[in-house]
Amino acid sequence: MTDDAAPTTLDKLPLRSGGAIVGIDWDRLSERDARRLRELGVDEGVPVEKLHKGPFGVDPIACRIGRMTVALRSAQAAAIAVGPLKSK
Amino acid sequence: MNPTPLVALAGNPNAGKSALFNALTGARQKVGNYPGVTVERKSGRMSLADGRPVELLDLPGTYSLQPSSPDEAVTHDVLLGKQEGERLPSALLVVIDATNLDNHLRFALQLIALGLPTVVALNMVDMAERDGLTIDAAKLSAELGVPVIPTVAVRRRGIEELKTAIGMLSASGGAVRVDADHPALHEDIVELQRRARAIAVTATTEENFKRRWTHRADAVALHPILGPILLATILFVMFQAVFAWSAAPVDMIDGAFIDLQDAVTAAMPDGFLRSLIVEGLIAGVGAVIVFLPQILILFLFILLLEASGYMVRAAFIMDHLMARVGLSGRAFIPLLSSFACAIPGIMATRTIDDPKDRLTTILIAPLMTCSARLPVYAVIIGAFIPARDVGPGIGLQGLVLFGLYIAGIAGAMLAAYVLRRTVTKGPPPGFMMEMPRYQMPILRDIALGLWQRALIFLKRAGTIIAFTTVVLWLLVSFPKPPADYDLPSIDYSVAGRIANGLEPVFRPIGFNRDMALALIPAMAAREVAVSALATVYAVDAADETVQEKSLVERLRGRWSLPTALAFLAWFVFAPQCISTIAVVRRETNGWKWTGFMLAYLFTLAYVAAGATYWTAVALGL
């Protein structure tokens, strides 16, 4: 896992790179999507890594969020800001 | 006398709940439904170490207690004692995945906070070790305040310890009612999640997390080019296997039924009862049971894809294409299940939380070629499509079958596209799904799943299908025509008269009277069309001097190729299944969408059959 210095959003993160979630723009998400993301463990400080992209374009993407691999679309990933991973 | 204590089994999806349930109860399971909702109710008996019986209730896998999808609502209501038709559980067994403590502990914390006597099964500890995690169960137990038993459900490790722990709980007393305003039900997810993470860190004594296997497999399965090729290959192999692997067992069953007919014919005096049994019951039921091998092969693939964790990858690959017609990849799983049977498929839509996405998926699910169509397709293909190879390992019959599946899928996609832009219009649904680790499917669990499916099928063959076949045989056989009647005797019968009345409706699309006749009882279930044709032609054949043995031979002599193709096209689209209609009505809460579905599917079927017929005629087939 390489740490990106500049904060970006999960959808713009290059493949096979990662960091930690530094912020979530809950207002961009529908209530349903927001709840689902929380249930899938999206929270500030959680390590993420972008693993795969869908075959026919940009959507969907597969990311490691904490210990889970989660599939989501760029529209939702754009609400998740990613910064460098803090060492423990 | 006290009733058997009820223990509820709860946990996140992918915690290995089903495997644990199977390990605890063995094959002593009851699968049913909750009244009013299509969430499956699965319960089983297990004996504790001291021999006391306990009823174990398998709750649907959910992420929280917030009742927003039907699954979550059932879990919520059962635990609150509000679920109709369910008694209050006296204890709770919470399953968590040792490799994903952060997330699973969150739901576990919420469940423990309800205050019921609780045991936690720390499942898949072997996987956690392989992933480089060492977890201290005693520490975790101290943090949670309830017993924690490490288990490996698939290898039956820790099962006895778990039973002992449950025994100590349920000894302590009766059911506990949880209030609707219980604080555990309203705790903030993020807050819980943070506590869960803190506990996970405390309990994990060694961490070097790496999921090598899954990563390597995903590098292929989710590859932008290899992934779709892999998916297409799996699906193609699946459909070829349905035909190729089933040939021998199908012939065996077919032979057994012919032997049975001969034996009954030899043993009984000629008369009404003998022809009812030989031509009605055995011919009709046999014509359907012969397809059991194909149906089981199809279910085998679906069960394997689900158990291995590949199904969600397939959803990932398909998401973009599904998005083009206004659905999400999530809809792919119910739709693929619908290839086996639309009923579990429609029930699987309950995991889709967007209501419009879900409704659209329900409306198009019956277009997926379910296993009940296989008997119809197999007979017609067997009769009219020559069994020759068009390429290495690719048979023409298999190819035509594949084409019929594709036609169903294309029809479904087209329908979804139109529906999402008209009647089920709404914002595009999101796609968010956990991708579980790959797992070696457990043979025992797959076998159990297949056994349950086989039983359901045979029960149908023994009840609905046997009944409709016998009724049809009676209608086809009576009244007997007078001696000087020069048309086939079937024209004189009740069924013949009804079919003659219906025939003008179907004549424009190339259907003959016998087909119209077969379509009526086939409303009960599609495969009845085959037994109906078998019955009709068995009665009909009595008039002839030459006796062809099989239905396939009889069809060849009576139908033209365009007619046969039109019949196939009809079955791609027609919603001929009472059970599906009932499930759709229940799922959509009324007749409005059910009626809509029936109307649009019958229209599609009629148009498609007509177009097929006239195209084939024009091509001179």
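Trainee: How much helix and strand is there over residues 8–84 of chain A?
Mentor: The span is 17% helix and 39% strand. Its end C-alpha atoms are 10 Å apart. Helices (H or I, at least four residues) and strands (E, at least two) are DSSP runs, numbered from the N terminus.

Trainee: What does UniProt list for residues 8–84 of chain A?
Mentor: The record, an unreviewed entry, has "domain: Ferrous iron transporter FeoA-like" there. UniProt positions are in the numbering used here, feature names are shortened, and annotations may be inferred rather than shown by experiment.

Trainee: What ground rules apply to this model?
Mentor: It is a predicted model: local features need pLDDT of at least 70, side-chain atom pairs count only at pLDDT 80 or more, and totals for chains, interfaces and linings use all residues. Residues are numbered from 1 along each chain as its sequence is written, chains are lettered from A and ligands numbered from 1 in the order written, and side-chain values use heavy atoms, without hydrogens and water.

Trainee: What mean pLDDT does chain A have?
Mentor: The mean is 84, and 90% of its residues reach 70 or more. pLDDT is the predictor's confidence in each residue, from 0 to 100. Within chain A, confidence is lowest in helix H1 (residues 31–39), at a mean of 85. It is highest in E4(A), at 91.

Trainee: And what does chain B average?
Mentor: Chain B averages 84, with 94% of the residues at 70 or above. For the complex, the predictor gives an ipTM of 0.90 and a pTM of 0.79.

Trainee: Back to strands. What is the order of the seven-strand sheet?
Mentor: The order is E1(A)-E6(A)-E2(A)-E3(A)-E4(A)-E5(A)-E12(B). The sheet is open, and its pairing is antiparallel. Two strands pair if DSSP finds at least two bridges between them.

Trainee: Which strands stand at the edges?
Mentor: Strand E1 (8–9) of chain A and strand E12 (433–435) of chain B. Each has a single partner strand, so one side of each is left without a neighbour in the sheet.

Trainee: Which residues face each other across E6(A)?
Mentor: A:Val82 in E6(A) is the bridge partner of A:Thr8. A:Ile21 also stands opposite A:Val82. E1(A) pairs with strand E6 (residues 80–83) of chain A over two bridges. Strand E2 (residues 18–24) of chain A is joined to E6(A) by four bridges.

Trainee: How many bridges link E4 and E5 of chain A?
Mentor: Five, between strand E4 (residues 61–65) and strand E5 (residues 68–72), in the antiparallel sense. A:Cys63 stands opposite A:Val70 there.

Trainee: New topic: how is chain B divided?
Mentor: Into domain 1 (4–206), domain 2 (223–370 + 397–424) and domain 3 (456–617). Those bounds come from an automatic or database domain assignment. The centres of domain 1 and domain 2 of chain B, taken over C-alpha atoms, are 33 Å apart.

Trainee: Where does UniProt place "transmembrane region" in chain B?
Mentor: The unreviewed entry has several spans, including 281–305 and 359–387. Residues 281–305 of chain B are 92% helix and 0% strand, with end C-alpha atoms 36 Å apart. Residues 359–387 of chain B are 62% helix and 0% strand, with ends 40 Å apart.

Trainee: At what angle do H17 and H24 of chain B cross?
Mentor: Roughly 165 degrees, for helix H17 (residues 373–384) and helix H24 (residues 561–573) of chain B. Their axes come within 10 Å. Axes are lines fitted to C-alpha atoms, for helices over the stretch in contact, and angles run from 0 to 180 degrees between N-to-C directions. That makes H17(B) roughly antiparallel to H24(B). Angles under 35 degrees count as roughly parallel, over 145 as roughly antiparallel, 65 to 115 as roughly perpendicular and the rest as oblique.
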